[in-house]
Amino acid sequence: YAPISLQPGQSEQHRMLMAMRASKLRAYQELAAVVHGQYIYGTTQVSDLVLQNDRFRAAVAGIVRGARVVKTYPVQDDTYATTLELDLSQVQRAWVE
């Protein structure tokens, strides 16, 4: 998902195209996390047995091949969404090779 109104651009059409692209990139990021896993890094700071600070960071890295954009579509008035499809047999063949 990507909100149109938060995108940079000089016109509504440009912001819409930027939201479509952001939505597609986010969909690929989520797909990579499913295929390759996600790295989670966390720290917790405790002082005098009282939690002071709790932080988490997440990262994903990987190559996604063979994914197909099923559709990019508007959701309500200010959001675009992208749906991807991945043939898992292609992923399995790539890991074997």
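**Q7 first.** I started at Q7 and skipped its neighbours within four places in sequence: Q7 is in contact with A2, R15, M18, A19 and A22, where contact means heavy atoms within 4.5 Å. Q7 sits in the loop between strand 1 (2-3) and helix 1. I take helices (H or I, at least four residues) and strands (E, at least two) as DSSP runs, numbered from the N terminus. Buried or exposed? Q7 is buried, at a relative accessible area of 14%; buried means under 20%, exposed over 50%, and partly exposed in between (1.4 Å probe, protein chains only). I also found the Q7 side chain reaching the backbone oxygen of P3 at 2.8 Å.

**Ground rules.** This is a predicted model, so I note that local features need pLDDT of at least 70 and side-chain atom pairs count only at pLDDT 80 or more, while totals for chains, interfaces and linings use all residues. Residues are numbered from 1 along each chain as its sequence is written, and side-chain values use heavy atoms, with hydrogens and water left out.

**Helix 1.** How far apart are the end C-alpha atoms of helix 1? I get 36 Å, which agrees with the 36 Å that its 25 residues should span at 1.5 Å a residue; the expected span is 1.5 Å times one less than the number of residues. I listed the buried residues of helix 1 as R15, A19, S23, A27, L31, A32 and A33. They pack against strand 1 and strand 5 (79-85). Just after the helix, I noted G37 with a positive phi of about 90°.

**S23.** S23 is buried, with a relative accessible area of 1%. What does its side chain touch? I see a polar contact with the side chain of T82 at 2.7 Å. A polar contact is a pair of N or O atoms within 3.5 Å; within protein, one must be able to donate a hydrogen and the other to accept it, and residues adjacent in sequence count only if both atoms are side-chain atoms. Beyond the neighbours within four places in sequence, S23 is in contact with Y1, A2, Y80, A81 and T82.

I traced three strands forming an open sheet in the order 1-5-4, with antiparallel pairing. Strand 1 and strand 4 (68-75) are the edge strands, each pairing on one side only. Two strands pair if DSSP finds at least two bridges between them. Seven bridges join strand 4 to strand 5, and P74 stands opposite Y80 in strand 5. In the loop between strand 4 and strand 5 I found Q76, a residue other than glycine with a positive phi near 60°. Q76 is exposed, with a relative accessible area of 73%.

**Hairpin.** How many bridges join strand 2 (residues 39-47) to strand 3 (residues 50-59)? I have nine, and the two strands run antiparallel. They form a hairpin with two residues between them, and S47 stands opposite V50 in strand 3. D48 in the turn has a positive phi of about 55°. L49, in the loop between strand 2 and strand 3, also has a positive phi, about 60°, although it is not a glycine. L49 is exposed, at 84% relative accessible area.

**Rings.** I found K71 over the face of Y73, at 4.6 Å from the ring centre; the test is NZ of Lys or CZ of Arg within 6 Å of the ring centre and within 35 degrees of the ring normal.
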